[in-house]
Amino acid sequence: MIHRLRLMTFLLFAAIFIAGCTDSSQESEKTEENTKNTEDTTEKNSEEKQMNLIGNVSLSKSSGRIGDEVTITLDSLKPNQPLKVVWVDMIGSYQIEDNYSFIGTAFKPVEKVVAEGTADGDGKWEGTFSIPDGFGDDHDILIYQEDEVAAKANFFVETVFTMSPTSGPPGTEVTVKGEGLSWKMFGSLWHVNWDNKYTGMITAITTNGKAEAVFRAVGKKGLHSITVESGAMGFPYLSRSSSAINYIDTHYFTFEITSDEPVTTASYVEEAPEPAGGGIKMPEPQNKDGVTVTLDRSEGTVGEKVVLTASGLPKNEKVTFDWHTMVGTRVTAEGYGPEVFDLGEATTDDNGNLVYEFAIPDDLGGLPHLIDVKVGDEVYGQTYLRILPSIVSISPSSGPVGTEFVITIKGSGWTEFDNALAVLYNNSYIGYICGFNSQGMINLKLKATGEPGYQFIDIYPSIYKGQQIQPTYYLRPMLTYRDDHPGTGIPAIRAMFKITE
């Protein structure tokens, strides 16, 4: 059993603790600061550009889809001078503070040269360009001559969704792909309904306006309806015809379930995806000169064996290992804070080397845990190990309607971007779970409902809370979690329960 050492000195976790204790007035100020409309920033940046709008622009079309070819005709430019046709797009990112607090999303302009040429003696030029990959909605087209904007136009990029496959047995992974999602509020957040049940949300913040949402086909043989609808408030906005935002369409698809037998009856955790934008950057481990500390794996599940190898330590000395974590809860007055546990000890050989095997502690997932390698009270080296979620049991795994069953999960996270996991029952979002207070362990109690056969329980990453007000991302299943979930890269959990006759 791991024993507490009551050490709370590691600077990283102290910084996180301070961030978590920010008072409400400070948080309110940050909220207002970080939810300013990015469109205002863009307009300001445009105004700051050096412009000398002498030219005229004519486009063969004013709207279209990514990849469409557009003919552009220019006149009244500086004669016989080179020109560049520049497409103004955005780069999106998730903003996280102190590796713990979710601030929101941010976008900054980026310019892409889509065509070049030289104006003729009358200041005219004609050419073509293809709409580049990127975000949808309105885009500026800037015509540069001699590093000045000589002409300007606007183009609207449509949002397009496709779905594949369109048929298969229960459990088939269905992918809804989107391109040209907007970076602006109303067209940036989309939602999936399966047979009029809310399934989850689609984002493309860090993926350049492209989205790949995945979910499993559920239900009986026959046709099933999938709706993709926008909704900045966090759920689908259904009265589209009465909306003042009249350029957003609803997208409809149909999936045919071809069998009553599922693709698989197994329960499992997917492979962990890469986090959006490269994810959290932990502080570099601090090693004394000549000391190296490595693990044979950088992540794993509770109970799995890990081998730590170290060299350059004092010879024939006892070495102890400290495991850094967080303990507590954010919803009571007791709060939470960093603590350090004893991970065991070993002895170096005549060359100052050691090999130490240990089981991954029964602890929180999410952020990697720091491991200190110590001789006496002095830290000689450090490394990190991340705990991934795992299914411990589903008990019972079958029974009649009304059976209470429990899905036990270990390795859940604790930060604002990985604390909450969203639960779907047969593609219907029913609520969320978290395991901070119980050091990463969750007992999800459910009652079996539905027709005889297999019921699908899908558990997705979500964002627990943050400072951004709109769009509302919080406590929603993130169906684009494989490419566009902030923080640490959290896998989906796939569980099954069989209702018997």
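In which sense do strand β24 and β25 pair, and over how many bridges? I looked this up and found that β24 (residues 369–375) and β25 pair in the antiparallel sense over 7 bridges; strands pair if DSSP finds at least two bridges between them. Strands are DSSP runs (E, at least two residues) and helices likewise (H or I, at least four), numbered from the N terminus.

I note that the model is predicted: local features need pLDDT of at least 70, side-chain atom pairs count only at pLDDT 80 or more, and totals for chains, interfaces and linings use all residues. Residues are numbered from 1 along each chain as its sequence is written, and side-chain values use heavy atoms, with hydrogens and water left out.

Entry on β25. I located the hairpin formed by β24 and β25, with 2 residues between them. In its turn, G376 has a positive phi of about 65°. D372 stands opposite Q382 in β25. I then turned to strand β19 (residues 299–300), which pairs with β25 in the parallel sense over 2 bridges. There, R386 in β25 is the bridge partner of E299. Because 8 of the 10 residues of β25 (residues 378–387) are buried, the strand is largely enclosed by the rest of the structure. Buried means under 20% relative accessible area (1.4 Å probe, protein chains only).

Entry on the whole chain. I recorded 5 helices and 33 strands. Of the 501 residues, 52% count as buried. The C-alpha trace spans about 85 × 65 × 45 Å along its principal axes.

Entry on confidence. The mean pLDDT (the predictor's confidence in each residue, from 0 to 100) is 91, and 90% of residues reach 70 or more.

Conventions: Buried < 20%, exposed > 50% of the residue type's maximum accessible area, 1.4 Å probe, protein only.
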